[in-house]
Amino acid sequence: MRILFVRHGHPNYERDCLTELGHRHASAAAERLRHESVEKIYSSTCGRAFETAQHLGDVIGLPVVGCDFMREINWGGAEGRPLPLNGHPWDTADHLVARGEPLMDPAWADHPLFADNIVVDCVRRAGEAADAWLAGLGYRREGHYYRSPADAPDTIAAFGHGGSFAAILSHLFNLPFPFMCAAMGFDYTGITAVELPLRPGELVLPRFAVHNDARHIRGMKVNNYFGR
């Protein structure tokens, strides 16, 4: 099974919708994905993501299924307490790099810069919900890997956000969330393809096939690689 993770187009965050440029991004992404044999379309229920997904739904004649767990993650101090760098996970990850600290620490959630950040719980819940979603598609989590079903959809598309996808993919690949934030950004409508092998009954590991393919918006790109 191949999952095409697609970030939303250029947004109006205040209104949680796409801008005119964002609709152009979404239209270009839909054309890019038209012939990818997508069988199901899932989307964050945030407006900017759902509108992006709807462009593909209209092009290939499929409904868009809303998934709350794909909504953008939140960050900041628990109970409103102040945090360094306002708790922004991308800035925090970059700060670790600037200080020469490792991004691959599996105990990243205990680091003083993350320990009191609500993003830790958001990342945990996103991973758990992603496992439930994948189980519904036949792939059940066992430890660090997934048990392959006898049959599964060939290709599905999931539309969401840089933060929620960083959280989900960090769980799927057993990678620390700060590493995903610092090393693997998402352009507007950037496409990341993940493949789950179909080997009935065997444990399988997801594989990155493509990360952040945004060629379809060449000439329409804006400088927002890591944002929401």
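Buried means under 20% relative accessible area, exposed over 50%, and partly exposed in between, for a 1.4 Å probe and protein chains only. The legends below describe a predicted model, in which local features need pLDDT of at least 70, side-chain atom pairs count only at pLDDT 80 or more, and totals for chains, interfaces and linings use all residues. Residues are numbered from 1 along each chain as its sequence is written, and side-chain values use heavy atoms, with hydrogens and water left out.

**View 1. The Phe 5 and Phe 165 pair.** Phe 5 is buried, at a relative accessible area of 1%. Phe 165 is buried too, at 0%. A search of the whole structure gives eight aromatic pairs. Rings of Phe, Tyr and Trp (its six-membered ring) pair if their centres lie within 6.5 Å; planes under 30 degrees apart are stacked, over 60 edge-to-face, and the rest tilted. Phe 5 and Phe 165 form an edge-to-face pair, 5.1 Å centre to centre with 75° between the planes. The pair links distant parts of the chain: Phe 5 sits in strand β1 (residues 2-7) and Phe 165 in helix α5, 160 residues apart. Helices (H or I, at least four residues) and strands (E, at least two) are DSSP runs, numbered from the N terminus. Ring pairs also join Phe 5, Phe 165 and Phe 186 into a cluster.

**View 2. The Phe 69 and Trp 133 pair.** Trp 133 is buried, at 11% relative accessibility. Phe 69 and Trp 133 form a tilted aromatic pair: 5.7 Å centre to centre, 50° between the planes. Phe 69 lies in the loop between β5 (64-67) and α3 (89-98) and Trp 133 in helix α4, so the pair ties together parts 64 residues apart in sequence.

**View 3. Helices α4 and α5.** Two packed helices are described by the angle between their axes and the distance between the axes. Axes are lines fitted to C-alpha atoms, for helices over the stretch in contact; angles run from 0 to 180 degrees between N-to-C directions. Helix α4 (residues 119-136) packs on helix α5 (residues 162-172) at about 65°, with the axes 8 Å apart. That makes α4 roughly perpendicular to α5. Angles under 35 degrees are roughly parallel, over 145 roughly antiparallel, 65 to 115 roughly perpendicular, and the rest oblique. The crossing is right-handed: the near helix is turned clockwise from the far one by less than a right angle. Val 123, Ala 126, Gly 127, Ala 130, Asp 131 and Leu 134 of α4 meet Ala 167, Ile 168, Ser 170, His 171 and Leu 172 of α5. Contact means heavy atoms within 4.5 Å.

**View 4. Helices α1 and α2.** Helix α1 (residues 20-33) packs against helix α2 (residues 47-60) at about 40°, with the axes 8 Å apart. That makes α1 oblique to α2. The α1 and α2 crossing is right-handed. From α1 come His 23, Ala 26, Ser 27, Ala 30, Glu 31 and Leu 33; from α2 come Glu 51, Thr 52, His 55, Leu 56 and Val 59.

**View 5. Surroundings of Leu 33.** Leu 33 belongs to helix α1. Leu 33 is buried, at 1% relative accessibility. Not counting residues up to four places away in sequence, Leu 33 touches Leu 4, Val 6, Val 38, Leu 56, Phe 159 and Ile 191.

**View 6. Surroundings of Ile 156.** Ile 156 is in strand β8 (residues 155-160). Ile 156 is buried, with a relative accessible area of 0%. Leaving aside neighbours within four places in sequence, Ile 156 contacts residues including Met 1, Ile 3, Tyr 42, Trp 133 and Leu 137.
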